[in-house]
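This report looks at one residue and its surroundings, then at the sheet and the annotated domain.

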Amino acid sequence: MKVLMVLTSHDQMGDTGHKTGFWLEEFTAPYYVFKDAGADITIASPKGGQPPVDPNSETDDALTETTRRFQEDAHAREALASTKKLADVDMNDYDALFYPGGHGPLWDLVNDDKSIALIRTAYEQDKVIGAVCHAPAVFKNVEIKPGQNIVGGRKVTGFSNSEEEAVGLSGVVPFLLEDMLKENTATYSKGDDWAPHIVVDGKLITGQNPASSEGAAKAVVQTLQEG
């Protein structure tokens, strides 16, 4: 199993002056699910190198078993510090594509031509595509044929409007993820705020929030193993 994990390179929360990036647990939980399943993992980002971590995901109350494991894992920290540039990866080399969330992807990956091309190629090659929390934003501009978005008619989830409201960022983000998915004719569902909710539609796998990151990654592994 070869898995390509794609992280944001964007570190600013709109024009608020606050930092953002990727959400640490949404990277570490899937990373260790993939690693413990024996997968070969490549990490990439638009700019390459060390991607920005959302500082809110490094506070004591946001830490989890996998984030602590990561802090003690020199190999994983080195892999994260030296991500490949998106321009230098080829979807032909991987079996699955996985996007951890955080608010950063709403600004950069959503409009990144290389990311859009990777997703489209993965879809055309019938490979597994996973995204958790805010990361389903990366599907916004992925057309699989003229006028049809990749999520059109598909069952998906992602960070809900009520969760965005709860963190006070509804007026800051460039768009509300739940609304965008519905506008692209996806069949959107959600569980309770902050509770795990994973949706599997064929080889498209989405998780609603940080609590869903491990389950979404496990669904990716299971789908890969089932072929």
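## Surroundings of Thr-157

Beyond its neighbours within four places in sequence, Thr-157 is in contact (heavy atoms within 4.5 Å) with Pro-136, Leu-181, Tyr-188, Ser-189, Lys-190, His-197, Val-199, Thr-206, Gly-207 and Gln-208. A polar atom of the Thr-157 side chain lies 2.7 Å from the backbone oxygen of Ser-189.

Thr-157 sits in the loop between strand E8 (155-156) and helix H5 (161-166). Helices (H or I, at least four residues) and strands (E, at least two) are DSSP runs, numbered from the N terminus. Thr-157 is buried, at a relative accessible area of 0%. Buried means under 20% relative accessible area (1.4 Å probe, protein chains only).

## Basis of the model

The model is predicted: local features need pLDDT of at least 70, side-chain atom pairs count only at pLDDT 80 or more, and totals for chains, interfaces and linings use all residues. Residues are numbered from 1 along each chain as its sequence is written, and side-chain values use heavy atoms, leaving out hydrogens and water.

## The sheet

Seven strands make an open, mixed sheet, ordered E3-E2-E1-E4-E5-E11-E10. Strands E3 (84-85) and E10 (198-201) are the edges, each pairing on one side only. Pairing requires at least two DSSP bridges between two strands.

Strand E4 (residues 96-99) runs parallel to strand E5 (residues 128-132), paired over four bridges. Within this pair, Leu-97 stands opposite Ile-129 of E5.

## Annotated domain

The unreviewed UniProt entry annotates residues 24-221 as "domain: DJ-1/PfpI". Such annotations may be inferred rather than shown by experiment. Over residues 24-221, the chain is 31% helix and 17% strand. The end C-alpha atoms are 20 Å apart.

Definitions and conventions:
Buried means under 20% relative accessible area, exposed over 50%, partly exposed in between (1.4 Å probe, protein chains only). A polar contact is a pair of N or O atoms within 3.5 Å; within protein, one must be able to donate a hydrogen and the other to accept it, and residues adjacent in sequence count only if both atoms are side-chain atoms.
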